[in-house]
Amino acid sequence: MKTNIALIGFMGAGKSAVGAALAEKLGKQFIETDALIEKKAGQPVPVIFEEKGEIAFREIEIEVIKEVAGKDNQVIACGGGVVLNRINVDRLKLKAVVVWLAVTPAAVLRRTGLDGEARPVLKQVKNLDELRGLIKFRQPLYALAADIRIDTSRLSIQATVEQIIQMTEEYADKHK
Ligand code: S3P
């Protein structure tokens, strides 16, 4: 039986806020892959991007996912780009039900303010059209990885948590 829940989705989908509340409710350990990457690198994510570049960031992300994916009973909030490397998805799926928190570009814009300082990938995004393009590029990767999809654009954190619990229970029933 899969005892982990991995949350994937674009920046601003609510993976961290939802993940913390979900872990608390289910009595599972809450893990944020970005926090583990920062610990390993000894630097905040934007500084890793700035000083070492995105490739180095992705390499550390792969290491962190490898470590986390082998443990049990966790809610794992993944960085938005985790699906860019298929090896991450394959590793996560060994022990996790993968839940895609989907969001509309408008909700991403509202929640992130396209803040490129906090989220370096958004530095490349100048307007809503470019944001749509980036989300569209990622969408098939999230879809391929996900066991469950929930659109969080209009859902509160609590409502999203309830939906995840209901849908992961249904998933577990079907995959006994
Ligand atoms: C990224 C998302 C970020 C972080 C890094 C890259 C991405 O995580 O991992 O800045 O490529 O989408 P959040 O989705 O938690 O903001």
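Me: Which of the 13 residues around the ligand come nearest?
Reply: Lys 15, Asp 34, Arg 58, Gly 80 and Arg 138 come nearest. Keep in mind that this is a predicted model.

Me: What is the distance for Asp 34, from a side-chain N or O atom to an oxygen atom of the ligand?
Reply: That distance is 2.7 Å.

Me: How much of the ligand does the protein bury?
Reply: The protein buries 93% of the 390 Å² that the ligand exposes when taken alone.

Me: Where does the ligand sit?
Reply: In the largest pocket.

Me: Why is Lys 15 called buried?
Reply: Lys 15 has a relative accessibility of 9%. Buried means under 20%, so Lys 15 is buried. Lys 15 belongs to helix H1, residues 15–26.

Me: Why is Lys 66 called exposed?
Reply: Its relative accessible area is 52%. Exposed means over 50%, so Lys 66 passes. Lys 66 is in helix H4, which spans residues 54–69. Its C-alpha is 8.9 Å from that of Ile 87, 21 residues apart along the chain.

Me: Why does Glu 59 count as partly exposed?
Reply: Glu 59 is also found in H4. Its relative accessibility is 49%. Exposed needs over 50% and buried needs under 20%, so Glu 59 is partly exposed.

Me: Why is Ser 153 called buried?
Reply: Its relative accessible area is 11%, under the 20% limit, so Ser 153 is buried. Ser 153 is placed in the loop between strand E5 (148–151) and helix H8 (157–174).

Me: What makes the link between the side chains of Ser 153 and Asp 151 a polar contact?
Reply: The two side chains come to 2.7 Å. The cut-off is 3.5 Å, with one atom able to donate a hydrogen and the other to accept it. The Ser 153 side chain also reaches the backbone nitrogen of Thr 104, at 3.0 Å.

Me: What makes the phi of Asn 73 worth a look?
Reply: Most residues other than glycine have a negative phi. Asn 73 is not a glycine, yet its phi is positive, about 60 degrees. Asn 73 lies in the loop between H4 and strand E3 (74–77). At 37% relative accessibility, between the 20% and 50% limits, Asn 73 counts as partly exposed.

Me: What is the phi of Leu 114?
Reply: About 50 degrees, positive although Leu 114 is not a glycine. Leu 114 sits in the loop between helix H6 (105–112) and helix H7 (128–145). Its relative accessible area is 16%, under 20%, so Leu 114 is buried.

Definitions and conventions: Residues numbered from 1 in each chain as written. Predicted model: local features only at pLDDT ≥ 70, side-chain atom pairs only at ≥ 80, totals over all residues. Heavy atoms only, no water. Near = heavy atom within 4 Å. Areas by Shrake-Rupley, 256 points an atom, 1.4 Å probe, with all protein chains shown as cover. 1 Å grid on protein atoms, 1.4 Å probe; cavity = no way out; pocket = protein on both sides within 12 Å on 5 of 7 lines; lining within 4 Å. Sits in = over half its atoms within 2 Å of the grid points. Helix = DSSP H or I, 4+ residues; strand = E, 2+ residues; numbered from the N terminus. Buried < 20%, exposed > 50% of the residue type's maximum accessible area, 1.4 Å probe, protein only.
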